[in-house]
Amino acid sequence: GFLLFFSYELGFEIPPSDLGTGETTLTCSTQRECQIALGAKIIEKISNTERANNIADSVILGETGAKSFECLVLQIAMVESSIQQCKQIKDSSNSPLYCEGNPDNVLSNLVGEGSYGIMEVNTALKNGKYGHCGEYGLSSDATTCRTQLSNVDTNINVGINILIDGYNATSKQFTCITGRSYSGWNRALRNYNGWGCNGNSNYVEDVKNYTNKIKNLFPECRG
């Protein structure tokens, strides 16, 4: 059943103890193999997240075209990072998670700041706060926060929660483009990228356009 509204109202968050302890044994030989391996971790994390399990896939499909919540998160990860955690898709030992514990080697949109990792979690300084640092069990200290986000499990869990927290059935106008507004899961997608005009004004549409690419990589997103 579609019961997540209760968790929205209660403001559930993943506690720090569930943020993940690391996984460095994953290996892959090609970009496609690495994307599939890391995507499998996203699917696994969602299956172990109670508030995500209460989301009706039929609603996701009807509003976004993605077959399920897992598929929608995979589409976000594809837009954000091409489903990649580290600066290089893998290192010489074929590990796609070689950057664990070293934020300098984590994929980021800016050197030393900005958004980090597979879900590109925002850590940029604005109005005295470093993005999502200090939320979802992350440290408010930027360096510690970015080190935490170098853990792929933490990165995925935080991204999942940001998306869910952005859900609202009420329509909200996107002031950067005249006549455009979003509600439901489309509003959650817009919220993930932000409502300012300095980001990707077509982010929602871009995520939804990645449906076929995700279907090609993940058979569970087909049909």
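Which residues are in contact with Val121, leaving aside its neighbours within four places in sequence? In this predicted model, they are Gly114, Ser115, Tyr116, His132, Leu149, Asn155, Val158, Gly159 and Ile162, where contact means heavy atoms within 4.5 Å. Val121 is found in strand E2, residues 121-122; helices (H or I, at least four residues) and strands (E, at least two) are DSSP runs, numbered from the N terminus. With a relative accessible area of 1%, Val121 is buried; buried means under 20% relative accessible area, exposed over 50%, and partly exposed in between, with a 1.4 Å probe and protein chains only.

The model is predicted, and local features need pLDDT of at least 70, side-chain atom pairs count only at pLDDT 80 or more, and totals for chains, interfaces and linings use all residues. Residues are numbered from 1 along each chain as its sequence is written, and side-chain values use heavy atoms, with hydrogens and water left out.

The secondary structure of the chain comprises ten helices and six strands. Of its 223 residues, 45% count as buried. Among the contacts in the chain with a separation of 6 or more, 58% are accounted for by residues 24 or more positions apart.

Thr49, in the loop between helix H2 (31-47) and helix H3 (50-53), is buried at a relative accessible area of 6%. Thr49 and Asn161 are 112 residues apart in sequence, and their C-alpha atoms are 9.5 Å apart in space. Leu217 belongs to helix H10 (residues 211-217) and is likewise buried, with a relative accessible area of 8%. From C-alpha to C-alpha, Leu217 and Gly39 are 8.9 Å apart, with a sequence separation of 178 residues. Not counting residues up to four places away in sequence, Leu217 touches Arg32, Gln35, Ile36 and Met78.

Helix H5 (residues 69-81) and helix H7 (residues 152-165) pack at an angle of about 110°, and their axes are 11 Å apart. Axes are lines fitted to C-alpha atoms, for helices over the stretch in contact, and angles run from 0 to 180 degrees between N-to-C directions. H5 is therefore roughly perpendicular to H7; angles under 35 degrees count as roughly parallel, over 145 as roughly antiparallel, 65 to 115 as roughly perpendicular and the rest as oblique. In this contact, Phe69, Leu72, Val73 and Ile76 of H5 meet Ile160, Leu163 and Ile164 of H7. The residues of the contact divide into seven nonpolar, no polar and no charged, where Ala, Val, Leu, Ile, Met, Phe, Trp, Tyr, Cys and Pro count as nonpolar, Asp, Glu, Lys and Arg as charged, and the others, Gly among them, as polar.

The structure holds four aromatic pairs. Rings of Phe, Tyr and Trp (its six-membered ring) pair if their centres lie within 6.5 Å; planes under 30 degrees apart count as stacked, over 60 as edge-to-face and the rest as tilted. The pair of Phe174 and Tyr182 is tilted, because the ring centres are 6.2 Å apart and the planes stand at 50°. Phe174 is buried, with a relative accessible area of 0%, and Tyr182 is buried at 5%. Phe174 also forms an edge-to-face pair with Trp195, at 6.2 Å centre to centre and 65° between the planes. This pair links distant parts of the chain, 21 residues apart: Phe174 lies in the loop between strand E5 (168-173) and strand E6 (181-183), and Trp195 in the loop between helix H8 (184-193) and helix H9 (203-208). Trp195 is buried, with a relative accessible area of 19%. Phe69, Tyr167 and Trp185 form one aromatic cluster.

The charged end of Lys172 sits over the ring of Trp195, 4.2 Å from its centre, and Arg190 lies over the face of Phe174, at 4.3 Å from the ring centre. A charge sits over a ring if NZ of Lys or CZ of Arg is within 6 Å of the ring centre and within 35 degrees of the ring normal.
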